[in-house]
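My entries follow in the order I looked things up.

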Amino acid sequence: MLSRRVFLSVGAGVNSRTQSEHLALFEFHRTHVLLSIFVFSLLLFPERTTAQSTQALNILNKNCVSCHGEARMSGLDLRTHEGLIKGGNRGPAIIPGDALKSLLYEAVSYRGKLLMPPTAKLSDEDIEILKTWIGHGADWPANAEAANLSVEAWWSFRPPLRPKVPDVKPADWVRNPIDAFVLEKLTTNRMKPASPADRRTLLRRVYFDLTGLPPTPSEIQAFLADGSPAAFERVVDQLLASPRYGEKWGSYWLDVARYADTGGFETDMVYLNAWRYRDYVIKAFNEDTRYDRFVKEQIAGDEIWPDNPEARIATGFYTIGPRLPESAMIPAKDRSETLTEWADTTAAVFFGLTMGCARCHDHKYDPISQKDYYALQAIFGGSEEQEIILADAKAQNGFKAALPRYLYLEQIRYRADQVIGQGRNRLIEKIKKKYRPEEVAAYEIPKEKRTPGQLRLSGEIEGEIRLLTRQEILDALTPSEKAQLDGLNRQMGEAYLQAPRPLPQAAVLGPARTFQPVKLLIRGDYTQPGEEIPPDFPAILRNGRQMKDQETLLGLGRRKALAEWLTEENHPLTARVLVNRIWQGHFGEGLVRTSNDFGKQGELPTHPELLDWLATEFVKEGWSLKKLHKLILMSNTYQMCSEFNKAYAEADPDNRLLWRMNRRRLKGEEIIDAVRMAAGTLNLKMGGPPVVPPLHVDEMAGLFGDPEVNWPVTADRLEHNRRSVYFFVKRSFRYPMLETFDMPDRTSSCGRRSPTTVAPQALALLNGSLALEQAGLLADRLMSRKEAIPAEEVAKAKGLETQVQAAYWLALGRPPSQKETEKSLAFLGAGGRKQLLELCLTLFNTSEFVYVD
């Protein structure tokens, strides 16, 4: 092979040519020599060339085409020979015959700044195959497409295909197809499933899984006494029909939907009507609303069912997200942040993808381009948040007729403000006397007319005036002014009580008053808008579908198109993502453990065939959540015990193969509700505005500002014992007990809570005001003997042993052992409320109480 040095030395004596001309001539001859060698090799070894091409295309197919295929990230499409030669934004991907000068080879060999694939470097063998293939001219077989060498998407971007249920042994362990898929994996790994859970454990497990509450002693006794093979199935049906089911699984969805009653950040504005969306979710679960409809209602209820108030309330999904206070001052920034939040949440909740990276640049790992991201934003470009009135015409007319009462109220308020102003003016005059004349003179000039110098001079006076408290102003009033203000306050109170209550409203999504096209933002910066982006679905998921012209006109119908596309039966993600969420709710971990990320940065499914079978079965059975629950619960896989196996744990420490049931700790909400249920104080009232529970004085330390204003405790004390799903969710201050037990802050979709084990959890259950209060109420319940426990052990007990037996039954759902009875009686001594309270508190702190086996 000729080298540049030899070629230049040969031509050095030819004075008529410059050195650059010699180099150009060398490159010309070199290219022709390489091409000749390449053609000659094709003639001599055609089979070897075809084999190399097949291997190379399979490597590109497996590692590159999912991003550089239909998604065309960085403008590069590797599905065709033309696309390979043309390249993308950085130029041609290859130079046939010269691997070392090919950008593709440089990227995969990690020789420059561009490192591909970004997740992990290819094996040396694969890199060498690509190098040889490019060096031999990058031949592209004519039948590449027919041989399925041109396209192969990431597993989650392909529509799920219903796999065949495996034929496994022992066949008698297989109660339904779930067991067959699980047993196949176990058998392959030389494992066996754990033995069945005992009936008491199984009952407690299914009660918490479906309702978030423990079974009562009566329910336990009834189940243990029912020897029918259908006994457990009857319990499952009963729990799925219970209103408690919607509260439990509604709470699960509210994590995913990042539900809160406030906007977060410094202002933490209150969403007065967010609770209507929460109630909609609970009702939808209880009524087993088809999941495809559930999705459609939340994304486009107003566009599909404009006359259905519930469908419109469902779009409140987009009105409960966090709000940056400073954004409201800059409309363009506010719009950008809103669309970003809507797009990110839609992707996480329904796609199970993290698309936020593509706001600033093409996604580094998934085949989602920046254009894809803004095309999703553009679907929401014609929408905005609105307030709708939920009252009928008669109620609205009645409200309008009573509006003069509000005008009267405003007049009284104006007079009260005038009186308060007198006290404030006195304090301002006192403050002014402390400053120099020129500073006072600057202050007395209207603020908008002050020069920069006058603003500096008046700054200290302004600052001191801003620090005046309401109480200081009231103290500055004269006795007659105070009496006058007291009278006006009484009049205001009476006027307010006589004024009509505000009409019921809901925050929803609706058509924007003015249409604003969405533009691609350079580096995600709203101050650097680029080209206008039309609405569309992510390219990798389109499957031939695109937004229609009539669906893009002024933004109308865009969300409807998105909702209908998402709920097509063969959509790659929708059913898979939901089925995985339900599985996670029952087993503690999903088949895909990253439930909000089905992309390349997420985990692969532990049982891919089972996931696809469940997804296709879910759609086949009418998108019914309750049928899906029952299918899972009736499997032997679900009904296994959580018994530990050392050998299996060494081979599979995370129980990914499902050789036993996972033991899990109750969520904070479940602990609070279970404590109240044991104490007999749980209020099962459903729905309505959020409950603001009382706080201990130490817990108030985390609140900003006036606690009475920022944490207005609900006046009705019975409301404090409602289920935790109805508690006020404040983004800047989570209820301490719930925060201690890992409640997310809900600033973004939470697909799975990350359980922690920290000291404050033990302290909350041992010394917390809630635990102490409810332990005392349980002690009172035991001492009153008002509720009979239908258990033989309780009936036979005498004296203090009756209280011990009842305490164990109410807290743990079982009788105490002989040893536990003896220790408890020894601890109680002569009896008394204090000792009984401490026994109840001890039971609340047992692992058996806070864990489900």
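**Helix α23**

I started with the buried residues of α23, which are Arg-558, Arg-559, Ala-561, Leu-562, Ala-563, Trp-565 and Leu-566. I note that the model is a predicted one. The helix runs over residues 558-566, and I logged it as mostly covered, with seven of its nine residues buried.

I then asked what the buried residues of α23 pack against.

**Whole chain**

I stepped back to the chain, which has 853 residues, 51% of them buried. I counted 37 helices and six strands. The C-alpha trace spans about 115 × 90 × 50 Å along its principal axes.

For contacts with a separation of 6 or more, I noted that 69% are between residues 24 or more positions apart. The accessible surface is about 41,300 Å², and carbon and sulfur atoms hold 55% of that.

I also looked up the charges: 110 side chains are positive and 109 negative. The centres of the two sets lie 1 Å apart.

**Aromatic pairs**

I found 31 aromatic pairs in the structure. One of them is Phe-317 with Phe-350, a tilted pair at 5.5 Å centre to centre with 50° between the planes. Phe-317 is in the loop between α14 (309-314) and α15, while Phe-350 is in α15 itself, so the pair ties together parts 33 residues apart in sequence.

Next I asked why the pair of Tyr-648 and Trp-659 is edge-to-face. Their planes stand at 75°, and the cut-off for that class is over 60 degrees. Their ring centres are 5.6 Å apart. Tyr-648 sits in helix α27 (residues 646-651) and Trp-659 in the loop between α27 and β5 (664-665), eleven residues apart. Tyr-648 has a relative accessible area of 17%, so I put it down as buried, the limit being under 20%. Trp-659 is buried as well, at 3%.

**Charges over rings**

The charged end of Arg-205 sits over the ring of Tyr-638, 5.6 Å from the ring centre. Arg-722 has its charged end over the ring of Tyr-726, with 4.5 Å to the centre.

Technical notes: Residues are numbered from 1 along each chain as its sequence is written. This is a predicted model: local features need pLDDT of at least 70, side-chain atom pairs count only at pLDDT 80 or more; totals for chains, interfaces and linings use all residues. Side-chain values use heavy atoms; hydrogens and water are left out. Helices (H or I, at least four residues) and strands (E, at least two) are DSSP runs, numbered from the N terminus. Buried means under 20% relative accessible area, exposed over 50%, partly exposed in between (1.4 Å probe, protein chains only). Contact means heavy atoms within 4.5 Å. Accessible areas come from the Shrake-Rupley method with a 1.4 Å probe; for residues, only the protein chains shown count as cover. Lys and Arg count as positive and Asp and Glu as negative; His and the chain ends are not counted. The place of a charge is taken as NZ of Lys, CZ of Arg, CG of Asp or CD of Glu. Rings of Phe, Tyr and Trp (its six-membered ring) pair if their centres lie within 6.5 Å; planes under 30 degrees apart count as stacked, over 60 as edge-to-face and the rest as tilted. A charge sits over a ring if NZ of Lys or CZ of Arg is within 6 Å of the ring centre and within 35 degrees of the ring normal.
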